[in-house]
Amino acid sequence: MKSRLILPLLLIALLGLSPSGFARDGGRDLGPDERREMRQQMREHWQQERRLRDDNDRRGRSMAPEERQRLRDEMREHRRRPDDGGGRRGRGGD
């Protein structure tokens, strides 16, 4: 009975000492100024990502479906032309 309990308890103890457990405590070593600066950097990063996402959304919506389809067709045609460097190697009849 004891041998059946030892292995699971040992695994639980080892999981408790995993590197991810130590990584969580790393933020406590920072002083208030460093934490404040890190929070500010993260806010700026999130705002920049949000702006990029919004710009991409606006660009996608401002284009008419017919225009979007025309551009897709042009890109496909461009990829099929092997003489201009736009073709993909290894595809087709090479």
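Good morning. The structure is a predicted model, in which local features need pLDDT of at least 70, side-chain atom pairs count only at pLDDT 80 or more, and totals for chains, interfaces and linings use all residues. Residues are numbered from 1 along each chain as its sequence is written, and side-chain values use heavy atoms, with hydrogens and water left out.

I begin with the overall fold. The protein chain has four helices and zero strands, and from the N terminus its elements follow the order α-α-α-α. Helices here are DSSP runs of H or I with at least four residues, strands are runs of E with at least two, and both are numbered from the N terminus.

Next comes confidence. The term pLDDT is the predictor's confidence in each residue, from 0 to 100. For the protein chain the mean pLDDT is 76, and 69% of the residues reach 70 or more. Which helices have the lowest and the highest confidence? The lowest is helix α2 (residues 19-24), with a mean of 56, and the highest is α4, at 88. Where pLDDT is low, the predicted coordinates should not be read in detail.

Accessible areas come from the Shrake-Rupley method with a 1.4 Å probe, and for residues only the protein chains shown count as cover. The protein chain has an accessible surface of about 9,200 Å², and carbon and sulfur atoms account for 54% of that. A residue is called buried under 20% relative accessible area, exposed over 50%, and partly exposed in between (1.4 Å probe, protein chains only). Of the 94 residues in the protein chain, 2% are buried.

One surface feature is a nonpolar patch formed by Leu-7, Leu-10, Leu-11 and Leu-14, with about 400 Å² of accessible area together. Patches are built from residues with over 30% relative accessible area and no salt bridge; like charges are joined within 9 Å, and nonpolar side chains (Val, Leu, Ile, Met, Phe, Trp, Tyr) within 5 Å. Leu-14 belongs to helix α1 (residues 2-16), and it counts as exposed because its relative accessibility is 52%.

Leu-30 sits in the loop between α2 and α3. Its relative accessibility is 27%, so Leu-30 is partly exposed. Apart from its neighbours within four places in sequence, Leu-30 is in contact (heavy atoms within 4.5 Å) with Arg-35 and Met-38.

Finally, the salt bridges. A salt bridge is a side-chain nitrogen of Lys or Arg within 4 Å of a carboxyl oxygen of Asp or Glu. How many does a search of the whole structure find? The search finds five salt bridges.

One of them joins Arg-36 to Asp-33, with the closest N and O atoms 2.9 Å apart. Both residues lie in helix α3 (residues 32-62), three residues apart, about one turn of the helix. Asp-33 counts as exposed, at 54% relative accessibility, whereas Arg-36 is partly exposed, at 47%.

About one helical turn separates Glu-67 and Arg-70, because they are three residues apart in helix α4 (residues 65-80). Glu-67, Arg-70 and Glu-74 are linked in a network of salt bridges.

Asp-73 and Arg-76 also meet in a salt bridge, at 3.2 Å from N to O. These residues are three apart in helix α4, so about one helical turn lies between Asp-73 and Arg-76. Thank you for your attention.
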